[in-house]
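The entries below follow the order in which I went through them.

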Amino acid sequence: MEDNIIICRCEDLTLADIRNSIKKGFHNPQEIKRLTRCGMGPCQGSTCRELLLKEVAVASGKSIGELEMTTFRPPTKPIKAKSILMEGDQDEE
Ligand code: FES
């Protein structure tokens, strides 16, 4: 993939930003997240987390399963406040 591809839309990060972090010696996805803010946007990494993990896996020669998963805060996708208020009342919509 080309360096100018946007990896994290929320934080406006390109693949080059991630690769530069790896070149500086950061090989832990959580470290790269803290350094670049990749995954700290409103979507909490719902799209960029996997891309970050793939890039680190390629650079480190490890599988994605061997890497430490980055932290994220639920909900990872927007939900309606109505859904929260009606929790336990499954029949009503
Ligand atoms: S795309 Fe990275 S936090 Fe949303």
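**Entry 1: Glu55.** I began with Glu55, which, leaving aside its neighbours within four places in sequence, is in contact with Leu15 and Ile18. Glu55 is in helix α3. I take helices (H or I, at least four residues) and strands (E, at least two) as DSSP runs, numbered from the N terminus. Is Glu55 buried or exposed? Glu55 counts as buried, because 20 C-beta neighbours lie inside 10 Å. The cut-offs are 20 or more other C-beta atoms within 10 Å of its own for a buried residue, 12 or fewer for an exposed one, and in between for partly exposed, with C-beta atoms placed from the backbone. I also looked up a distance: the C-alpha atoms of Glu55 and Pro78, 23 residues apart along the chain, are separated by 26 Å.

**Entry 2: ground rules.** This is a predicted model, and local features need pLDDT of at least 70, side-chain atom pairs count only at pLDDT 80 or more, and totals for chains, interfaces and linings use all residues. Residues are numbered from 1 along each chain as its sequence is written.

**Entry 3: α1 against α3.** I then looked up how helix α1 (residues 15-23) meets α3, and found an angle of about 40 degrees with the axes 11 Å apart. Axes are lines fitted to C-alpha atoms, for helices over the stretch in contact, and angles run from 0 to 180 degrees between N-to-C directions. α1 and α3 are therefore oblique to each other. Angles under 35 degrees count as roughly parallel, over 145 as roughly antiparallel, 65 to 115 as roughly perpendicular and the rest as oblique. α1 passes α3 in a right-handed crossing. A crossing is right-handed if the near helix is turned clockwise from the far one by less than a right angle, and left-handed if anticlockwise. Leu15, Ile18 and Ile22 of α1 make the contact with Leu52, Glu55, Val56 and Ala59 of α3. I sorted the residues of this contact by class and got six nonpolar, no polar and one charged. Ala, Val, Leu, Ile, Met, Phe, Trp, Tyr, Cys and Pro count as nonpolar, Asp, Glu, Lys and Arg as charged, and the others, Gly among them, as polar.

**Entry 4: α1 against α2.** For α1 and α2 I found an angle of about 120 degrees, with their axes 10 Å apart. α1 and α2 are therefore oblique to each other. Their crossing is right-handed. Asp17, Ile18 and Ser21 of α1 make the contact with Ile32, Leu35 and Thr36 of α2. By class, the contact of α1 with α2 has three nonpolar, two polar and one charged residues.

**Entry 5: the core.** Which residues form the largest nonpolar core? I listed eleven: Ile7, Cys8, Leu13, Ile18, Ile32, Cys38, Cys48, Leu51, Leu52, Leu53 and Val56. β1 (6-8) and α3 are the elements that give two or more residues to this core. α3 gives the most, with five residues. A nonpolar core here is a set of buried Ala, Val, Leu, Ile, Met, Phe, Trp, Tyr and Cys residues joined through C-beta atoms within 7 Å. I checked the contacts of Cys48, which touches Ile7, Cys8, Cys38 and Gly39, not counting residues up to four places away in sequence.

**Entry 6: the loop between α2 and α3.** I looked up Gly45, which lies in the loop between α2 and α3. Gly45 counts as buried because 25 C-beta neighbours lie inside 10 Å. Leaving aside its neighbours within four places in sequence, Gly45 is in contact with Gly39, Thr70 and Phe72. Gln44 is also found in the loop between α2 (29-36) and α3. Phi of Gln44 is near 55 degrees, a positive value in a residue other than glycine. With 18 C-beta neighbours inside 10 Å, Gln44 counts as partly exposed.

**Entry 7: Asp12.** I placed Asp12 in the loop between β1 and β2 (13-14). Phi of Asp12 is near 55 degrees, a positive value in a residue other than glycine. Asp12 is exposed, as 11 other C-beta atoms lie within 10 Å.

How values were computed. Two residues are in contact if their C-beta atoms, placed from the backbone, lie within 7 Å.
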